[in-house]
Amino acid sequence: MSDFKIDLKKNSTELVMVFTGSIDEDVQFPNVDFSDVQSLVFDLNQIKSINSVGIREWLNWIKPIAAKFPIQMINCPKSMVFQFNMVEGFLPKNAQVKSLYVPFYCEKCDREENLLFKVGEHVKAQEQQVQMNFQVSDFKLCEESPCELEIDVAEAKYFQFMKK
Amino acid sequence: MSVLKLPQQILAQSVSEQEVFAPGSILITQNAESSFAVKMASQHQANHIVDEKALNFESEKLIAENMILHPVEFLNQPIEYLLPESEAEFSFQMKCSSTENKRHALGQIEMFVRAVPGTKSIATDAIAALDEMYTNASKNSGVFYSKVDAQGQLLQARAGKVEVFARASKNHLLVGCVDTYGLLKIDSLMKKILGCYENGVAQSINMNQEAGAGIGSFLVYNSSMSYYLAVEPNKKTIIFCAFPLGVRTKHLNSFAKCLHLLTYERSST
């Protein structure tokens with residue numbers, strides 16, 4: 001029995017789709033009525049995991065949709081960002097990532113945090129280079145001063161999909 | 001008393017196109033790329049590739065020696081050769097039938113993995129790896145995705161067992177599956193994994209929805225630091241992989257990979 005579901009919310013001609021659960025061999029992507037829809041927003045924050053069969057099911061499902069509608073992906077978890085970078089077509093050409101979670105770690109507190117980066121504000125791609133523009137203090141997470149939260153991914157690899 | 005010849009260790013300084021490694025040899029690499037070990041296995045019949053930059057280089061060489069010199073013992077008790085209980089800080093084992101609810105089984109092992117100290121950065125990968133291994137064992141081996149035989153009769157699932165393991169030392173976590181089908185073809189698997197590296201993952205996906213996607217083993221190999229495969233044809237398949245403990249996410253790829261392969265048929269005498 002799959003724990004996967006998509007909740008829908010229509011804002012005028014924009015359809016927001018909130019994904020929850022695991023994308024695996026039991027996933028069943030629902031038939032969605034795209035009448036009067038001009039654009040899509042995929043909120044991926046609650047995706048728990050994705051396996052190899054899930055990757056295939058995602059590719060099969062998203063390809064025809066991306067051919068018709070521009071898609072904005074928001075609140076993308078690390079597991080989905082890895083797929084954007086690793087699997088061609090997982091982030092279709094007609095889709096853009098608007099926000100994604102970036103792992104951070106504080107050696108002093110032995111603490112991990114996932115910070116939500118907004119593309120265009122905290123990170124952007126310019127001429128095949130990825131530039132980051134953030135202060136950890138902006139996220140108001142750590143009361144220790146100075147905060148020692150550091151990015152915990154290889155930046156060039158993690159944001160590779162933005163260069164494509 | 002017979003003296004067992006120690007496996008030959010070969011430095012992978014340069015390998016010619018035609019070179020084929022003798023069974024019982026251990027190829028020592030030096031900070032090689034992830035795809036190199038698979039290439040050596042697929043194109044040059046290397047069965048044991050151990051990198052000097054591996055987290056546990058000496059232990060990996062010992063594992064290779066034991067798999068070469070004691071294959072029957074390894075097939076009988078693989079986890080004892082990979083990480084003996086005497087050296088383990090934490091241990092988990094669970095027997096499942098092939099039709100057992102996968103989520104329940106994985107839920108149990110996820111609780112164990114997340115409770116082991118130092119798994120924060122690798123827990124998701126380790127559980128994902130077990131998902132792939134368990135799915136391959138229980139579904140692809142036992143249940144043939146509605147396949148039919150030559151007469152058009154639906155193939156029935158063979159009853160079988162899947163056993164999942166997780167064991168942690170001070171510096172690494174070992175997870176794996178043993179099934180009672182023994183259907184894995186190691187040569188084909190190495191070709192598939194190499195294909196993912198050389199042609200891309202998307203190009204390697206099997207789009208036939210009546211079977212697995214064909215990239216699961218690549219995902220396991222790519223995310224782990226050591227990969228162990230052993231098959232007793234039509235009897236048993238053993239798959240394990242290892243992850244480092246207490247390592248930050250951005251340093252996970254700093255350990256070069258080790259690969260160990262064994263196909264062995266016991267004599268009937």
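1. A residue is called buried under 20% relative accessible area, exposed over 50%, and partly exposed in between, with a 1.4 Å probe and the protein chains only. At 44% relative accessibility, Arg114(B) therefore counts as partly exposed, and Glu110(B), at 23%, counts as partly exposed too.

2. On the basis of this note: this is a predicted model, in which local features need pLDDT of at least 70 and side-chain atom pairs count only at pLDDT 80 or more, while totals for chains, interfaces and linings use all residues. Residues are numbered from 1 along each chain as its sequence is written, chains are lettered from A and ligands numbered from 1 in the order in which they are written, and side-chain values use heavy atoms, with hydrogens and water left out.

3. Confidence should be read before the details, and pLDDT is the predictor's confidence in each residue, from 0 to 100. Chain A has a mean pLDDT of 91, with 96% of its residues at 70 or more, and chain B averages 87, with 87% of the residues scoring at least 70. Helices (H or I, at least four residues) and strands (E, at least two) are DSSP runs, numbered from the N terminus; within chain A, confidence is lowest in E9(A), at a mean of 86, and highest in strand E4 (residues 71–74), at 98. In chain B, pLDDT stays under 50 over residues 142–146, for which the model has 19 contacts (heavy atoms within 4.5 Å) beyond four places in sequence. For the complex, the predictor gives an ipTM of 0.91 and a pTM of 0.91.

4. The two chains meet through 28 residues of chain A that are in contact with 28 residues of chain B. The size of an interface is often given as the accessible area lost when the parts come together. Here the buried area (the accessible area, with a 1.4 Å probe, that two parts lose on being put together, summed over both) is about 2300 Å² between chain A and chain B, with 45% of it on carbon and sulfur atoms. Between these chains there are also 13 residue pairs in polar contact, both residues being at pLDDT 80 or more; such a contact is a pair of N or O atoms within 3.5 Å, where, within protein, one must be able to donate a hydrogen and the other to accept it, and residues adjacent in sequence count only if both atoms are side-chain atoms. On the side of chain A that touches chain B, the elements giving two or more residues are helix H1 (52–68), helix H2 (78–86) and strand E10 (149–151), and the largest share, 7 residues, comes from H1(A).

5. Which residues of chain A does Thr249(B) touch? Not counting residues up to four places away in sequence, Thr249(B) touches Lys78(A), Asp152(A) and Val153(A), and in chain B it touches Ser121(B). Thr249(B) is found in the loop between strand E8 (236–244) and strand E9 (258–263) of chain B, and it counts as buried because its relative accessible area is 14%. Its side chain makes a polar contact with the side chain of Asp152(A), at 3.1 Å, while the side chains of Asp152(A) and Arg248(B) meet in a salt bridge at 3.3 Å, N to O.

6. Side chains of opposite charge can pair when their charged atoms come close. Asp131(B) forms one with Lys102(B), the closest N and O atoms being 2.8 Å apart. This pair links distant parts of the chain, with Asp131(B) in helix H6 (residues 123–140) and Lys102(B) in helix H5 (residues 102–115), 29 residues apart, and both Asp131(B) and Lys102(B) are buried. Arg114(B) forms a salt bridge with Glu110(B), with the closest N and O atoms 3.0 Å apart, and both residues lie in helix H5 of chain B, 4 residues apart, about one turn of the helix.

7. Tyr227(B) has its place in strand E7 (residues 226–232) of chain B, and it counts as buried because its relative accessible area is 2%. Leaving aside neighbours within four places in sequence, Tyr227(B) is in contact with several residues, among them Leu189(B), Ile193(B), Phe240(B) and Cys258(B).

Definitions and conventions:
A salt bridge is a side-chain nitrogen of Lys or Arg within 4 Å of a carboxyl oxygen of Asp or Glu.
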